[in-house]
Amino acid sequence: MSTEADTDLNYFLLNRTFESCALKYEDYVMPLTASYCNWTWDSVLCWPPTPAGAIIRQRCPFRHGLDPTRYAERRCSTKGEWIGRNGTSDAQSQTGWTNYTPCYTPEMRHIMNLLLPQRRHSQAERTRILEIVGFSISLTALILSLIIFWRFRSLRNIRTRIHKNLFVAMVIQVLIRLILYIDQALMRANYGDGGIGRQGIDNT
């Protein structure tokens, strides 16, 4: 069963606050012959009382990134309770969940896909791999430079001593970073990303 609310611009202007929504249905009496989901305000739209088992749709609001020609929807369970985001009804949560996903414009959908946790995680992993490779190359170059400084007597003077001390400090810094990153990689490989049982250094 599906119902659609009349949602033109005037409807949005008259139903854009909780107070206006409550005022609209303050005298509404629920039918006793069937179960209904009560009216609700989801902080964007006012949703009318809906028969149990029905899907109600309204035009998407006039907001940036949303297409007002499309429809948002809510579902009322057979028990007369608004269905939540996980697809189940919860008697303690009277507001339920509104599905605004169909409202997003193609540009907004593209942005949201780029910001998905899985995508962010894969990008972070690739960045970390590049860091490990870069630090490894830097460590190799620094060690070779120190060997050259210590190998050739002609380079043992006061001027090069400053460079040697700087290179030693950089080697220590790179080693610490590599130990942290490799530790994180090993812990993720052994325990995954669930966090249970992870003992690796994972605060950088």
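Which residues does the UniProt annotation "transmembrane region" cover? In the unreviewed entry, the annotation covers residues 129-150 and 162-182; UniProt positions are given in the numbering used here, feature names are shortened, and annotations may be inferred rather than shown by experiment.

## Basis of the model

This is a predicted model, in which local features need pLDDT of at least 70 and side-chain atom pairs count only at pLDDT 80 or more, while totals for chains, interfaces and linings use all residues. Residues are numbered from 1 along each chain as its sequence is written, and side-chain values use heavy atoms, with hydrogens and water left out.

## Overall architecture

The chain contains five helices and seven strands, assigned as DSSP runs and numbered from the N terminus (helices: H or I, at least four residues; strands: E, at least two). Read from the N terminus, the order of the elements is β-α-α-β-β-β-β-β-β-α-α-α.

Of the 204 residues in the chain, 28% are buried; buried means under 20% relative accessible area, exposed over 50%, and partly exposed in between (1.4 Å probe, protein chains only). The chain exposes about 14,000 Å², of which carbon and sulfur atoms supply 59%. Accessible areas come from the Shrake-Rupley method with a 1.4 Å probe, and for residues only the protein chains shown count as cover. Among contacts with a separation of 6 or more, 46% involve residues 24 or more positions apart, a contact being heavy atoms within 4.5 Å.

## The annotated spans and the nonpolar patch

Residues 129-150 are 100% helix and 0% strand, with the end C-alpha atoms 32 Å apart. Residues 162-182 are likewise 100% helix and 0% strand, and their end C-alpha atoms lie 30 Å apart.

A nonpolar surface patch is formed by Trp 150, Val 168, Ile 172 and Ile 176, which together have about 380 Å² of accessible area. Patches are made of residues with over 30% relative accessible area and no salt bridge; like charges are joined within 9 Å and nonpolar side chains (Val, Leu, Ile, Met, Phe, Trp, Tyr) within 5 Å. A salt bridge is a side-chain nitrogen of Lys or Arg within 4 Å of a carboxyl oxygen of Asp or Glu. Helix α5 (residues 158-191) gives the most to this patch, with three residues. Ile 172 is located in helix α5 and counts as partly exposed because its relative accessibility is 47%.

## Aromatic pairs

Five aromatic pairs are found in the whole structure. Rings of Phe, Tyr and Trp (its six-membered ring) pair if their centres lie within 6.5 Å; planes under 30 degrees apart count as stacked, over 60 as edge-to-face and the rest as tilted. One of the pairs joins Phe 18 and Trp 39, with ring centres 5.8 Å apart and planes at 45 degrees, so the pair is tilted. This pair links distant parts of the chain, 21 residues apart: Phe 18 belongs to helix α2 (residues 18-24), and Trp 39 to the loop between β2 (36-37) and β3. Phe 18 is partly exposed, at 44% relative accessibility.

The rings of Tyr 25 and Tyr 28 form an edge-to-face pair, because their planes stand at 90 degrees, with the centres 6.4 Å apart. Tyr 25 is buried, with a relative accessible area of 11%, whereas Tyr 28 is partly exposed at 37%. Phe 18, Tyr 25, Tyr 28 and Trp 39 belong to one aromatic cluster.

## Loop residues

Ser 43 sits in the loop between β3 (40-41) and β4 (46-47). Its phi is near 80 degrees, a positive value in a residue other than glycine.

Lys 79 occupies the loop between β7 (71-75) and α3 (106-114) and is exposed, with a relative accessible area of 63%. The C-alpha atoms of Lys 79 and Cys 37 are separated by 8.4 Å, although these residues are 42 residues apart along the chain.
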